[in-house]
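I opened this notebook to keep track of what I looked up, entry by entry.

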Amino acid sequence: MKISNNAYQLMTSDALERFPNECCGFFFGEDGDNRTVTHVMKVNNSKEGDQRRRFAISPVDYMKAEAFADEQHVQLLGIYHSHPLHPAWPSVHDREQAMPWFSYIIIGVQPDQITRVNSFQLNDDRLFTLETIE
Amino acid sequence: MSKLIIPTPLRKFTNNEGSFNSSGSTVREVIHELVSTHDGLKKHLLDDNGNIRSFVRVYVGEDDIKSLNNDLTPVAQNDIVSIIPAIAGGIA
């Protein structure tokens, strides 16, 4: 997966700005053997309760993301979120709720720095596999 | 016929079609018609008992079927039924 500088900046700055809470949003671009991420949509973390450990995105925001993709003639490629003070590795909850085909970018973040950015995709057995990020 | 909107991540199972026309009269019938046509969708939409997975939301028009009659919610001709992945996760 290739992430444009602008898209990378938007996602990582979102993780830092919303620390210690988890940030979340969508990213868009072109599908293919090597996906290219060009657009980012930050969205509200709608999780009720402790947003330092969980995130949720409302159905309304999901529908907005699908509409944005149609309007901009890009593909909705996946979802990003941060793991404050934790590794950029998917949890059981991340996997349970994941959809096929989407890429899931996880941003490991400390108070003042990004520690790691990883991307994962579900395989046919509903297990996450790591995607290479250029 | 009602029209079922397929979310982007599931379109690889529908030959990239973004919608599916169904003659089902309830949400359950519509979803089952979809998965019988596109078998690869089954494990992503239904649990082992044939019920809609808890992480999948279904809307009829602008209403979540959870606020109506769940999968027994009636679907009329020309209704738009949307499958929306519930998106959530986090550290723990």
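What should the 14 residues of helix α2 of chain A span at 1.5 Å a residue, and how far apart are its end C-alpha atoms? I noted first that this is a predicted model, in which local features need pLDDT of at least 70 and side-chain atom pairs pLDDT 80 or more, while totals for chains, interfaces and linings use all residues. Residues are numbered from 1 along each chain as written, chains are lettered from A and ligands numbered from 1 in written order, and side-chain values use heavy atoms, without hydrogens and water.

**Helix α2(A).** The expected span (1.5 Å times one less than the number of residues) is 20 Å for residues 59-72, and the end C-alpha atoms are 20 Å apart, which agrees. Helices are DSSP runs of H or I with at least four residues, strands runs of E with at least two, numbered from the N terminus. Among the residues I found buried in α2(A) are Tyr62(A), Glu66(A) and Phe68(A); buried means under 20% relative accessible area, with a 1.4 Å probe and protein chains only. Just after α2(A), I saw that His73(A) takes a positive phi of about 55°.

**The two chains.** I looked up contact (heavy atoms within 4.5 Å) and found 29 residues of chain A touching 22 residues of chain B. The count of salt bridges between chain A and chain B is one, a term for a side-chain nitrogen of Lys or Arg within 4 Å of a carboxyl oxygen of Asp or Glu. In that salt bridge, the side chains of Arg11(B) and Glu66(A) meet at 3.8 Å, N to O.

How values were computed
Buried means under 20% relative accessible area, exposed over 50%, partly exposed in between (1.4 Å probe, protein chains only).
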